[in-house]
Number of protein chains: 2
Amino acid sequence: MDTIELVGFVAGALTTIAFIPQVFRAWKLKETRDLSLAMLVLFGFGVLLWACYGFWTGSIPVIAANLITFVLILLLFGLKIRYK
Amino acid sequence: MDTIELVGFVAGALTTIAFIPQVFRAWKLKETRDLSLAMLVLFGFGVLLWACYGFWTGSIPVIAANLITFVLILLLFGLKIRYK
């Protein structure tokens, strides 16, 4: 793996795992008022389209990172609906 | 622009503009308690690295989308610090 690939890998890992502390925070506080529902919906559709893009261009990392992010956004969406 | 490029473009646009309603919500409510600071920091570093990756691979859309997202995350970070 060269430096450019490594930077892409770390970038993808960071933008994916970033939502883990947000899921924990929503789950712990049982409060999601300050989270924007529009953000979750737009971002959710965005990462699904990124996963399609990865599928069509044959990029496993793009598919994997975006599907994991999608699951985390789906969890946040569920928490947002439950604790609105 | 073929279909795959178009899907990538729409995906990038969605995951970028998604943070606009979140900035507005934080600014309007003057409340950011439910927003995870760790999410903002991890995501901010992630999109900066994505912009570097775009720079090195010569992808203007990747640079543009991630720099715009970085500015929005920076605004949210400022609002999080101000209204914590």
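This is a predicted model: local features need pLDDT of at least 70, side-chain atom pairs count only at pLDDT 80 or more; totals for chains, interfaces and linings use all residues.
1. Confidence. Chain A has a mean pLDDT of 95, with 100% of its residues at 70 or more. Within chain A, helix H1 (residues 3-17) has the lowest confidence, a mean of 94, and helix H2 (residues 19-29) the highest, at 97. For the complex, the predictor gives an ipTM of 0.92 and a pTM of 0.93.

2. Helix H2 of chain A. Which residues of H2(A) are buried? They are Phe19(A), Gln22(A), Val23(A) and Ala26(A). These residues lie on the same side of H2(A), because they cover an arc of only 100 degrees around the axis. The exposed residues Phe24(A) and Lys28(A) sit on the face of H2(A) turned away from the buried side. The cover over the buried residues of H2(A) includes H1, helix H3 (37-57) and helix H4 (60-82) of chain A, together with helix H3 (37-57) of chain B. After H2(A) comes Lys30(A), with a positive phi near 50 degrees.

3. Helix H4 of chain A. H4(A) has 23 residues, and its span from first C-alpha to last is 33 Å, close to the 33 Å expected at 1.5 Å a residue. Its buried residues include the nonpolar-core member Leu76(A), and among the others are Asn66(A), Thr69(A) and Lys80(A). H1, H2 and H3 of chain A are among the elements covering the buried residues of H4(A), as is helix H2 (19-29) of chain B.

4. Nonpolar core. How many residues does the largest nonpolar core have? It has 28, and those with the most contacts inside it are Phe19, Phe43 and Leu76 of chain A and Phe19(B), Phe43(B) and Leu76(B). At least two residues of this core come from each of H2, H3 and H4 of chain A and H2, H3 and H4 of chain B.

5. Surroundings of Phe43(A). Neighbours within four places in sequence are left aside here. In chain A, Phe43(A) is in contact with Phe19(A), Thr69(A) and Ile73(A). From chain B, the contacts of Phe43(A) are Thr15(B), Ala18(B), Phe19(B) and Phe43(B).

Technical notes: Residues are numbered from 1 along each chain as its sequence is written. Chains are lettered from A and ligands numbered from 1 in the order in which they are written. Side-chain values use heavy atoms; hydrogens and water are left out. pLDDT is the predictor's confidence in each residue, from 0 to 100. Helices (H or I, at least four residues) and strands (E, at least two) are DSSP runs, numbered from the N terminus. Buried means under 20% relative accessible area, exposed over 50%, partly exposed in between (1.4 Å probe, protein chains only). The arc is that of the directions from the helix axis to the C-beta atoms. Contact means heavy atoms within 4.5 Å. The expected span of a helix is 1.5 Å times one less than its number of residues. A nonpolar core is a set of buried Ala, Val, Leu, Ile, Met, Phe, Trp, Tyr and Cys residues joined through side-chain atoms within 4.5 Å.
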